[in-house]
Amino acid sequence: MSDDWDTVTKIGSKVSGGASQRETVVRGKGALNAAQRTGAIVGTEKKFATGNTVNKAGSEGQRLTKVDRADDIVAPQKVPAEIGQNIRNRRSKEGPYKMTQAQLAQKVNAQANDIKLLESGDAIKNQGLLNRVARVLKISPKTGLPLDDK
């Protein structure tokens, strides 16, 4: 038991003689083949499983990959101004959907400022809020146009 107290374990970046190699990223088929020939441990990892597939909802995975690889700041997607205009028109007309921004915000459980930004086209795209507003006003969340009342 006295041997345990005599041993010293050094931890840190200055310690030499580490048993494991550093993890490196291999770019290119030639570098991958060279690493496999030397007997290095090679692991593959996909960043986005759905990034290369085409779907009807859009290519959000591809956009996020592009944003992740970019060095500069990319602005977030905003709600199109046409949708905000259609929401404003539906809310301001006479009938069962006539209400103020504050009343609509209360019905969709949001802040009145969120509704104001949504109608002006300055809001960052929030599909949950759009869906709730669309349900209350009976409009399409994609276009903001009124749905047929049946």
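Start by selecting arginine 91. Beyond its neighbours within four places in sequence, arginine 91 is in contact with Tyr97, Lys98, Met99, Thr100, Gln101, Leu104 and Glu119. Bear in mind that this is a predicted model. Arginine 91 sits in helix α4. Its relative accessibility is 11%, so arginine 91 counts as buried, the cut-off being under 20%.

Now show the side chain of arginine 91 and the backbone of methionine 99. A polar atom of that side chain lies 2.9 Å from the backbone oxygen of methionine 99.

**Along α4**

Select 81-92, the range of α4. The helix has 12 residues. From first C-alpha to last, α4 reaches 16 Å, close to the 16 Å expected at 1.5 Å a residue. Colour its buried residues: Ile83, Gly84, Asn86, Ile87, Arg90 and Arg91. Then look down the axis of α4. The buried residues fall within an arc of 160 degrees, so they line one face of the helix. What lies over them? The cover on the buried residues of α4 includes α5, α6 and α7.

**Into the core**

Next, bring up the largest nonpolar core, a group of 17 residues. Which of its members touch the most others? They are Ile87, Leu104, Leu118, Val133 and Leu137. The top contributor is α7, with 5 residues. In soluble globular proteins, nonpolar side chains tend to be buried together.

Centre on leucine 104. Setting aside residues up to four places away in sequence, leucine 104 touches Ile87, Arg91, Met99, Ile115, Val133, Val136 and Leu137. Arginine 91, where the tour began, is among these contacts.

**Two backbone stops**

Move to asparagine 109, in the loop between α5 and α6. Check its backbone: phi is near 60 degrees, a positive value in a residue other than glycine. Is asparagine 109 buried or exposed? Its relative accessibility is 70%, so asparagine 109 counts as exposed.

Finish at lysine 138, in the segment after α7. Here too phi is positive in a residue other than glycine, with a value near 55 degrees. Lysine 138 has a relative accessible area of 41%, so it is classed as partly exposed.

Technical notes
Residues are numbered from 1 along each chain as its sequence is written. This is a predicted model: local features need pLDDT of at least 70, side-chain atom pairs count only at pLDDT 80 or more; totals for chains, interfaces and linings use all residues. Side-chain values use heavy atoms; hydrogens and water are left out. A nonpolar core is a set of buried Ala, Val, Leu, Ile, Met, Phe, Trp, Tyr and Cys residues joined through side-chain atoms within 4.5 Å. Buried means under 20% relative accessible area, exposed over 50%, partly exposed in between (1.4 Å probe, protein chains only). Helices (H or I, at least four residues) and strands (E, at least two) are DSSP runs, numbered from the N terminus. Contact means heavy atoms within 4.5 Å. The expected span of a helix is 1.5 Å times one less than its number of residues. The arc is that of the directions from the helix axis to the C-beta atoms. A polar contact is a pair of N or O atoms within 3.5 Å; within protein, one must be able to donate a hydrogen and the other to accept it, and residues adjacent in sequence count only if both atoms are side-chain atoms.
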